Amino acid sequence: MNPAVDATPSPGDPDVLIVGAGMTGINQLYRLLEEGFTVEVVEAGDGVGGTWFWNRYPGSRFDSESYTYGFLFSEELFAEWVWSEHFAGQPEIERYVNFVVDKFDLRRHITFGVRVTSAEWDEASRTWTVALDDGTVRRARYLIAATGVLSVPYLPEVPGIDDFAGVSHHTGRWPKEPVDFTGTRVAIVGTSSSGVQVLPVVAPVAASVTVFQRTANWCTPLNNSPITDEEQEQLRRDFAQLKQILDTSPHGFHHAAVEDTALDADASEREAFFEQVWNSPGFRKLTSNYADVLVDPAANQLWCEFIAAKIRSIVHDPMTAEKLIPKDHRYAQKRPPFVAGYFEAFNLPNVDLVDLRETPMVRVTARGIETTAGERPFDIIVWATGFDFGTGALLRLGVRSGDRLLADDWADGPATWAGVQCAHFPNFFFPGGPHAAAGNNPRYNSDQVEFVTDLLCAARAAGQTRIELDPAAEARWTAMVDRGAEGSAFGSDNYYFGSNIPGKPHRLLLNAAGRPKLLKTFAASRANDFPEFHRS
Ligand SMILES: Cc1cc2nc3c(=O)[nH]c(=O)nc-3n(C[C@H](O)[C@H](O)[C@H](O)COP(=O)(O)OP(=O)(O)OC[C@H]3O[C@@H](n4cnc5c(N)ncnc54)[C@H](O)[C@@H]3O)c2cc1C
């Protein structure tokens, strides 16, 4: 350690301040406590769960299998918690996260209802000074932003949006008090993963539902089901094996890859296989589909034609069916939603679809929504319009080191190493942030949490108090992420690139090389004593 530096924390300051009590923040808290660090978590919400605290809209539910999404750091926890369904709903998920926090006595380390407004690195004391919106300040050696990639809701800039006199909520800021849709006229704006979950739940009780669609999405059935007693037993019996698969699988799921290809199959064989995929649960439509579906446009087209035929067979009105079939992107070029009764809902007499490409939204009025086709009155507007993905929360933290602002450094898009740190901001980490991987989030976010934990332990063991990423390592990783944008399965015009947010730089915010690259990079770094970092 450099003797000129006064790196002694003040009494009462934690070693680590974590921002965010979602899956990543709680995982990081648990692991650092386990390693003997003192830790405080600050969280803007008044409860734990992050995504599962804020997104309590009707129909909110996993599309990762419940038991593959939960924490894997304790077999006892895995055995004790009983998921009722393969894809649990929000209330159950929120209960789960609360159960975990109480079981491991983590709640006393969390301060709720406070938002970080700025964070400043102090080189002399080698600590971060973090200001909260209640006027208090925290100081800690390390600052870990577990602020999530989907935690800043986006509302479109429609004139008059505040003029609406009825009830309106964004799905990502849904209130705790239940919203009663009975007999009401409802607008659902947005048809991505959240909007498509809301419709089937609300349509049966509402007087009318109008769905405002800008982009049709390739929706396929979630195929959820209760977990039987036999399955429960088997899950517990196979924990070690399941964990081993989840710790290493390329996408964080336990789904087996398929080697056969769509283009080599004959038509009837392919039809039968696609039928089987259509009937399979959740993300298997991506992970256990034909091997060429996500990489070969011709194979992808065959899968799209299969889905289009399904939509035409489900939706009675041919014009509505055509509008619900995507025409501007291939399967998985936007995050494909998984649905239960979405297409069927359009057969109800009280459900109507407005294509915003034909009749764009003009303004929100006190009574409802006006498009170029006229005004429609509503009692409730559900804004299912997505998030400022990847960088939204991090850029709002007010992170500063000397004259350098993170927001300036990232003005053209994020630059990171493995999505855990960026150069010039010592002792600042952001597991669960941009540039990591894609798939079942908690699994690769957990890889990042483990890496940050190991790095902090290594520094502590060596008596070091300052960890700063080498700019060359950042440049290498960022260039790799940017290269992945070319011809990627993620397309080029969607929230993965920030395209849904006006004025946001157009940069791929995910690492298209995925979890295998992340795991390999972390393993090499550990094996070589973290050469990407300057430690002192
Ligand atoms: C509706 C929905 C469904 C999803 N379903 C799945 C799924 O099935 N499978 C999957 O893998 N992923 C899913 N995701 C992605 C999901 O975000 C991740 O799985 C995971 O929950 C991320 O956890 P996290 O802790 O990294 O971030 P979050 O859960 O977003 O938690 C971040 C926390 O940080 C807090 N925070 C942010 N900024 C500040 C600040 N300045 N001050 C204080 N606190 C702050 C926020 O309040 C929030 O609680 C879904 C996302 C959404 C929105």
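Q: Buried is taken here to mean under 20% relative accessible area, exposed over 50%, and partly exposed in between (1.4 Å probe, protein chains only); how, then, does Ser125 count, buried or exposed?

A: Before the case itself, note that this is a predicted model, in which local features need pLDDT of at least 70 and side-chain atom pairs count only at pLDDT 80 or more, while totals for chains, interfaces and linings use all residues. Residues are numbered from 1 along each chain as its sequence is written, and side-chain values use heavy atoms, with hydrogens and water left out. Ser125 has a relative accessibility of 8% and therefore counts as buried. Its place is the loop between strand S4 (116–122) and strand S5 (127–132), where helices (H or I, at least four residues) and strands (E, at least two) are DSSP runs numbered from the N terminus.

Q: Which side chains share polar contacts with that of Ser125, and at what distances?

A: A polar contact is a pair of N or O atoms within 3.5 Å; within protein, one must be able to donate a hydrogen and the other to accept it, and residues adjacent in sequence count only if both atoms are side-chain atoms. The side chain of Ser125 has such a contact with that of Thr127 at 2.6 Å, and another with that of Arg139 at 3.4 Å.

Q: How should I read His329, and what is it in contact with?

A: Contact means heavy atoms within 4.5 Å. With neighbours within four places in sequence left aside, His329 is in contact with Thr215, Ala216, Asn217, Trp218 and Lys334. His329 lies in the loop between helix H12 (318–324) and strand S12 (338–339), and its relative accessible area of 10% makes it buried. Its side chain also makes a polar contact of 2.7 Å with the side chain of Asp328.

Q: Is Glu35, also in a loop, buried or partly exposed?

A: Glu35 is partly exposed, with a relative accessible area of 28%, and sits between helix H1 (23–34) and strand S2 (39–43). Residues up to four places away in sequence not being counted, Glu35 touches Thr453, Cys457 and Arg460.

Q: Where on helix H8 do its buried residues fall?

A: One looks down the helix axis and takes the arc of the directions from that axis to the C-beta atoms. In H8 (residues 239–248) the buried residues are Phe239, Leu242 and Leu246. Seen in this way they fall within an arc of 65 degrees, so they line one face of the helix. The face turned away from that buried side carries the exposed residues Ala240 and Gln244, whereas the cover over the buried residues includes helix H3 (66–69), helix H4 (75–80), helix H7 (229–237), helix H16 (441–461) and helix H18 (514–527).

Q: How many residues surround the ligand, and which are the closest?

A: A residue is near a molecule or strand if one of its heavy atoms lies within 4 Å of it. The ligand is surrounded by 33 residues, the closest being Thr24, Glu43, Thr51, Ser64 and Tyr69. Taken alone the ligand exposes 980 Å², of which the protein buries 95%; accessible areas come from the Shrake-Rupley method with a 1.4 Å probe, and for residues only the protein chains shown count as cover.
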